[in-house]
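Subject: Structure for your review

Dear colleague,

Please find below the structure that I am handing over to you. My notes on what was found in it follow.

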Amino acid sequence: MNSLLFSLPIFALLALSGCGDDGFSDEGATLSGGDGETSGQTTNATGDGDGDWEEDGGDGDPGTGDGDGDNGDGDGDSDTGDGDGDGDGDEDESESESESETGEPLCNDVDDVVLYLSPDDSNSMSSPVQVRERVLTDGSGSLSGVPVRVWEFMNYYGFDYPAAEDGELALFASMQQIEAQEATWQLQLAVSSEVMTPAERPPMNIVLALDTSGSMNGEPMNLLKETCRAIAANLALGDTVSIVEWDTENVWTLAGYPVTGPNDPVLSEKIEELAAGGGTDLNGGLVSGYELAQQTYDINMLNRIVLISDGGANAGVTDIDLIAENAVFGGSDGIYMVGVGVAKDSTYNDKLMNDVTDAGKGASVFVPNDAEAWSVFGDNFENTMAIAGRNVQVELTMPPGFEIVKFSGEEFSSDPKEVEPQHLAPNDAMVFHQQVETCAPEDIDDTAEITVVATWEDPWTFESKEVMQTWTFGELAGMDQGLLLKGAAVLAYAESLKAYQKAQNDAQKTAALSAAFAAMSPAQAARPNDTDLLEIAMILAQLNP
């Protein structure tokens, strides 16, 4: 395990470097060839809330967007749009200077390709839990309305890379050429953090911003309480807790209270007294919660606001700027948000909760049952609530002619200013799985190299730090491929779910899942006892017509 009513600014999509121009990608999108999506320069891109891109058709756009980010005609022939908005791939009368006489992009086989990569927060992992709840718990074969954010699947399912030394981050990579494709490789990168035990974690100053509106009555309120119980059980002497209950009014029931240790009796009593009633003013609750967090702020502690809600805001206005400002409160570690969704996935306002936690530079988790509450805030308390590295940015340098054609993260670009750094928790790893290909395969042998650089800030001293590693293609191919195959399976699983959501009949559903089944076979052969892969296999079997 390692992430609305308003959207944050989204950078323009650009063409990739290497075989074309500079690039930007989102949510595992295939940027050239293979699945009917097209490549080319794209402008005026806007997010539709689940990570897909909607693109304006017409002059200068490569085809007409269908609302889910695909520009292709769906036939898998990897035609590239001609920029006239019809997606037919015909040649324009005049060619750009970046094209050859055949209309293909010129191959830049001189300059190294440098890209900057980003996942969401390493603990944002709501969407895979919602998928599992819908399929395995509800027994439904419909994924309608369920978000599928590819990077959250990579966050949620575990990759047991070795931990870094205390105070450091560590880099890992492996690579495998795709069978019968001389120009395409699977490449997996990981940035792992240090181990942090409960005894080693720093003191925490936590504000529980609790939705006690009428929509929380019943199971949502039970899950809210169980989440609070799990948090209370993992607190220690030296931690402080505040509580703001909100519906259309806000009540501070604790303010800067120093707990005596796990299951503090005063805190436990306040949790048991919680009850639902009234309307829902999420913004008012957050304003009050941040006011309380600012009053109790302690620069020597980890300051966290934990928002627990079904996301059903029906009064007030959600102020994204307010949340973002508090994420850098005091110019230091800030007040980061952990957003906890407690509701049936069919009624949960995922878009709202995802946006507010994104602005709050924190994790977005979904808690559909008591077991998940204790997994996230019990077994993985330090992983969910603490930080090992602030503002982690990953730089990948590949040989000339290379580009990323599939990507598991949230975004990448040749411009570091267009990729937002993310925090990395302890006991965790940022994992990027991508397919890369070259327009000059004749220039690549086992001595070709890739270089990865991770930069970050120490969470306490804010000192800038860096780790760098260079590997040859031969070295990467000789690495243990088990985790790479797992990454390929998780990526294929998430992408197949997105295709499954678009399927109109059983034949299309079976076709949509075929890539996931194909990727699962070698992954399970390499890791036969991997519980994550076993869970994915169960979900795929349930969905398969």
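In these notes, a residue is buried if its relative accessible area is under 20%, exposed if over 50%, and partly exposed in between (1.4 Å probe, protein chains only). Helices (H or I, at least four residues) and strands (E, at least two) are DSSP runs, numbered from the N terminus. This is a predicted model, in which local features need pLDDT of at least 70 and side-chain atom pairs count only at pLDDT 80 or more, while totals for chains, interfaces and linings use all residues. Residues are numbered from 1 along each chain as its sequence is written, and side-chain values use heavy atoms, with hydrogens and water left out.

Strand 11, residues 336–341, is mostly covered, with six of its six residues buried. Tyr336, Val338 and Val340 point one way, and Met337, Gly339 and Gly341 point the other way. In a regular strand, side chains alternate between the two faces of the sheet. Strands count as paired if DSSP finds at least two bridges between them. Strand 10 (residues 302–309) runs parallel to strand 11 and is joined to it by six bridges; Leu307 has Gly339 as its bridge partner. Strand 12 (residues 364–366) also pairs with strand 11 in the parallel sense, over three bridges, and there Gly341 stands opposite Phe366.

**Helix 7**

Helix 7 (residues 350–359) is mostly covered as well, with nine of its ten residues buried. Among them are Leu352, Met353, Val356 and Ala359.

**Aromatic pairs**

The structure holds nine aromatic pairs. Rings of Phe, Tyr and Trp (its six-membered ring) pair if their centres lie within 6.5 Å; planes under 30 degrees apart count as stacked, over 60 as edge-to-face and the rest as tilted. The ring centres of Trp185 and Phe402 are 5.4 Å apart and their planes lie at 45 degrees, so this pair is tilted. Trp185 belongs to strand 6 (residues 184–192) and Phe402 to strand 14 (residues 402–407), so the pair ties together parts 217 residues apart in sequence. Both Trp185 and Phe402 are buried. Phe407 and Phe432 form a stacked pair, with 6.1 Å from centre to centre and 10 degrees between the planes. Phe407 lies in strand 14 and Phe432 in strand 17 (residues 429–438), so this pair ties together parts 25 residues apart in sequence. Phe407 and Phe432 are both buried. Ring pairs also link Phe153, Tyr156, Tyr157 and Tyr493 into a cluster.

With kind regards
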